[in-house]
Amino acid sequence: MDHSCPGAYAALMRPDRGLFGRPGEGLRRPVVVDSLLAVGYATTALLLGMERPPTGWTGMDTTGAALTVLTSVVLVARRLAPVAVLSAVVVLWTAYIACGYWPVVNAPATLLALYTVAATRNGMPVRIGGAAVGVTWLLAGLSNVHNGSMKTVLVQAVAFPAVVVLIGRGAGRAAERTRELARLTLQLHAEQETRASQAVTEERVRIARELHDVVAHHMSVVSLQAGMASYVFEGDPATAQRALDTIAATSREALEELRRLLVLLRVGPEDTTATVGSPGPGTGTGPGAEGAEDAYAPAPGLERLDTLLLRVRDAGVPVDLDITGEPYPLPPGMDLCAYRVIQEALTNVLRHAGPATATVTVGYGRRSLTVRIADDGQGRVPADTRPNIGHGLIGMRERARIYQGTVNVGPRTGGGFEVLLSLPAPTADNGRPHGLRSPSP
């Protein structure tokens, strides 16, 4: 038994990644992998058995070859029934030794079966299996005691099974950690999806509240103009006509905003239901803080951009405003959308960009309204999936979507970040903008 086969043992000691699953978990691929392993082992063992054995051992004949091939066939099921395979291999190895054949030929198969048990089982099966292999190894040494060193055999009978068990247990623990990590990863992914869905719903509800304020303001104008038209109908027909025109345009805009409001709130069953009565996430400090504003005032728009930029400058971030093209009136909802995107982008500059300067560019094009907010800081854009960001990137995209617009956020080539909002320009009728078509549900 002191004659060894280093190549076979080195191959045995390589961790088998397929062992990382418990019996039944590896059913997807053990047949092919272990069949190839069995063929390779049988070929190597038969070639080794055909060599002249050490003194005192019988050369391999048909019986020895049959036992070796049978041992290889049993190894195919090593991951499906580890304990049964180890038992069968120990019995076959014992019979091989009893016939006087060189034990080293089938020793790697026994150690591989023991490794499989150690990697997939705990407690008594591992201890009994290790003891059985050690005892068989010791019996093999006693079978040819006159031609070998019993001290060497004794050391091998103890050391080889112990080392294989230690390696197998290490592989088993690594497998447990891998499975636990995979489970936690799936759980984390599910939680992130839930939080993202909840964040979208919360943003939709908050945006809907603001659109509700826009519609309410429109209806207040309609009511006021209707009262004035009724009062001057007979005495000043021209003023009454202008009031009626205002009523027509304002009610049309209110209807379009109401349609957007309904589409925004038409969420599917997969969306998380938000608590409408909860405080909005937009409260806080910084350029986005609106807590001191009159709750009944009209929703902010680009006409209040100077005030917003002044607050940002007061907070310590130099910011420039550049307006290109000829400004034209925007529907109140679209005006609010552009204002909120600028507000959130500048808030992110304050929070994440570090020392930086910013530039806000509003472009009034014939086909689109573009708003670009760029900074030269070194910060990073906050993740979309956190529901407590306030008017976050989710809110920007949700606002743009209901007006068939887009929001792109990314790093600039020269450093810093850029937010680009693009909205289709409203059409005009006698200088008064029409609402855009309602988005599809």
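**Aromatic pairs, a helix contact and cysteines**

A search of the whole structure finds 4 aromatic pairs, where rings of Phe, Tyr and Trp (its six-membered ring) pair if their centres lie within 6.5 Å. This is a predicted model, in which local features need pLDDT of at least 70 and side-chain atom pairs count only at pLDDT 80 or more, while totals for chains, interfaces and linings use all residues. Residues are numbered from 1 along each chain as its sequence is written, and side-chain values use heavy atoms, with hydrogens and water left out.

Q: What makes Trp93 and Trp137 an edge-to-face pair?
A: Their ring centres are 5.7 Å apart and their planes stand at 75°; planes under 30 degrees apart count as stacked, over 60 as edge-to-face and the rest as tilted, so the pair is edge-to-face.

Q: Why can this pair of Trp93 and Trp137 be said to tie together parts that are apart in sequence?
A: Trp93 lies in helix 4 (residues 82–98) and Trp137 in helix 6 (residues 124–143), so the pair joins parts 44 residues apart in sequence; helices here are DSSP runs (H or I, at least four residues), numbered from the N terminus.

Q: Why is Trp137 called buried?
A: Buried means under 20% relative accessible area, exposed over 50% and partly exposed in between (1.4 Å probe, protein chains only), and Trp137 has 1%, so the term buried applies. Trp93 is also buried, with a relative accessible area of 1%.

Q: How do you know which kind of pair Trp137 and Phe160 form?
A: The ring centres of Trp137 and Phe160 lie 5.1 Å apart and the planes are at 85°, so this pair is edge-to-face. Phe160 is in helix 7 (residues 150–232), 23 residues from Trp137, and at 24% relative accessibility Phe160 counts as partly exposed. Trp93, Trp137 and Phe160 form one aromatic cluster.

Q: Why are helix 3 and helix 4 called roughly antiparallel?
A: Helix 3 (residues 62–75) and helix 4 pack at about 170°, with their axes 10 Å apart, where axes are lines fitted to C-alpha atoms over the stretch in contact, and angles run from 0 to 180 degrees between N-to-C directions. Angles under 35 degrees count as roughly parallel, over 145 as roughly antiparallel, 65 to 115 as roughly perpendicular and the rest as oblique, so these helices are roughly antiparallel.

Q: Why is Cys337 buried but Cys99 partly exposed?
A: Cys337 has a relative accessible area of 2%, so Cys337 is buried, whereas Cys99, at 41%, counts as partly exposed.

Key
Helix = DSSP H or I, 4+ residues; strand = E, 2+ residues; numbered from the N terminus.
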